[in-house]
Amino acid sequence: MIIFTHHTGEPHGILGAQVAATFFERKLSIPSIVVGIKRDFSKEHLLRFIDEYYAGKDTVVAFSHLCGRKDLIALVGELKQQGFTTILGGPQARQDYRGEPSTDAYPHRFKGLHSVMDAAFQGPIDGFRSDHLRARGNLLEHPWTKDIFLEVDWSNLYTFSNALTKLEVRLGQVLNAVGCPYASKAQTVTLPPPVMLRERDVPTLDIRSEGCIFCDVSRDKGYHGLIEGDRVIAQVRRLPEVEGRKIPFELIDEYPLRSLGRLLKETERQRIVLSQINLVCRVDDINAHASDLADILSLARSLNVKIMFSSIGFESFNDRLLEYFCKGITVADIIRCVETLRRLKDRFGSILLYRRDEGANHGFIRPTPWDDPEAIRENDTNIFLHRFFEDILPEHSTPLIIHHASTLGDWIRQIESTTDIRFGRDGTWIEWWNLLNHGG
Ligand code: SF4
């Protein structure tokens, strides 16, 4: 079976899809591979390859991590028309299968993928059974726990542009926490209307968010705890090696610093030679562990292991916007965090990587619906005063993306249900800047 996903072609693994293919192969005896479809793919060549691959096999295809790509959704429809059974898995499978609520009354809303997908599977692959391959019109669900199946055959990944190409994974992933701990933090935020609607009669709304307000992943999965230490080490042990060292890997946990020192000590004890650990880490974790970081980095230096803060979700340098995002941090927290990293960089040099020119890509969301002149001025002033452009600011900011199933999706729908304003949709995204009607 093939699990198709979006892929950029860079040599990084896709943990969820690769674990699923490994599970199919090892637990259900279904030979499986993952094929990442690049944006420039030739549909003609891909359909020919699929024809050849499935000759004499059960014609079941799975899809995961489509990233809202309409070309991939069209491909699913075409395969279904050809008689394939199509199954959706991965993040937001339930929501993307069902679509937005009340699409009869609001026909512009995303109607879901149930017309092209025969079934959707929500949750860890552990709950998948062979008879699910014959499911039709079903939403299959299995609850997340921290004891999930975690074996990965790192050699089962291919990409497709014009032909099937094996991808040698050079950046792996190791799961340390199931879901995001911050997603357990519920809070209510008061959101004013988008700036472009301030002249209109649009209500200010109280919205309840769990985790960051734009985050669809945390809302989808919640938080289910840390993986046991020996199961984390087992994942590290199974990573591919280059020149006697494990390939760099991303430690998946938004609060990784409580585990990092232990992980380094245990790999040293078990003589597992690492090269680099990438952290996708929250600002509050760095601030809470500022005094431990020097010891952790000293240990990393003695083992010649690089620690990269590859993605810190700063998102904004304006307190009001940080509050609207429910980020749980302030500009003062960000300044403290960056000062800590700069100080440690002076001391640890190439063992600590966090700068844009070292490959890190930190979050900065702009434009947002609330970018009035005051917010833009404050953001720019802080960027200038604290020299974030030198090391922190990404080359390009990311516009605020509203996935239909995120908490901000609820906000948009509440505006739509209390006014005559309608926002555009583009696949699974809501275009908050695109008013479909101007409402008179
Ligand atoms: S954006 Fe990151 S920190 Fe915020 S809820 Fe999502 S996963 Fe957690």
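**Helices, strands and contacts**

Q: Which strands does helix α1 lie across, and at what angle does α1 run to β1?
A: Helix α1 lies across β1 (2-6), β2 (33-37) and β7 (157-160). The model is predicted, so local features need pLDDT of at least 70 and side-chain atom pairs count only at pLDDT 80 or more, while totals for chains, interfaces and linings use all residues. Residues are numbered from 1 along each chain as its sequence is written, and side-chain values use heavy atoms, with hydrogens and water left out. With axes fitted as lines to C-alpha atoms (for helices over the stretch in contact) and angles running from 0 to 180 degrees between N-to-C directions, α1 runs to β1 at about 180 degrees.

Q: What angle does the direction of helix α2 make with that of β1?
A: Helix α2 (residues 43-53) packs on the sheet and touches β1, β2, β7 and β8. Helices (H or I, at least four residues) and strands (E, at least two) are DSSP runs, numbered from the N terminus. The direction of α2 makes with that of β1 an angle of about 160 degrees.

Q: What is the order of the strands in the open sheet of eight strands?
A: The pairing in this open sheet is mixed. Two strands pair if DSSP finds at least two bridges between them. The order of the eight strands is β6-β5-β4-β3-β1-β2-β7-β8.

Q: Why is one side of β6 and of β8 left without a neighbour in the sheet?
A: β6 (138-141) and β8 (164-166) stand at the edges. Neighbouring strands of this sheet are turned by 25 degrees against each other on average, direction ignored. One side of β6 and one side of β8 are left without a neighbour because each has a single partner strand.

Q: Which residue in β4 stands opposite phenylalanine 63?
A: Strands of a sheet pair through backbone hydrogen bonds, either parallel or antiparallel. β3 and β4 (residues 85-89) pair in the parallel sense over five bridges. Opposite phenylalanine 63 stands leucine 88.

Q: Is serine 64 buried or exposed?
A: Serine 64 is found in β3 (residues 60-64). Beyond its neighbours within four places in sequence, serine 64 is in contact (heavy atoms within 4.5 Å) with residues including Ile3, Phe4 and Gly89. Buried means under 20% relative accessible area, exposed over 50% and partly exposed in between, with a 1.4 Å probe and protein chains only. The relative accessible area of serine 64 is 9%, so serine 64 is buried.

Q: Which residues does alanine 20 touch, not counting residues up to four places away in sequence?
A: Alanine 20 has its place in helix α1 (residues 15-27). With a relative accessible area of 10%, alanine 20 is buried. Residues up to four places away not counted, alanine 20 touches Ile3 and Ile125.

Q: Which residues of β9 point the other way from Gly172 and Val174?
A: β9 (residues 172-175) pairs with β16 (residues 249-252) in the parallel sense over four bridges. Valine 174 stands opposite leucine 251 in β16. The four residues of β9 are all buried, and those pointing the other way from Gly172 and Val174 are Gln173 and Leu175.

Q: Which residue in the turn between β21 and β22 has a positive phi?
A: β21 (residues 423-426) and β22 (residues 429-435) pair in the antiparallel sense over four bridges. The two strands form a hairpin with two residues between them. The turn residue with a positive phi, about 60 degrees, is glycine 427.
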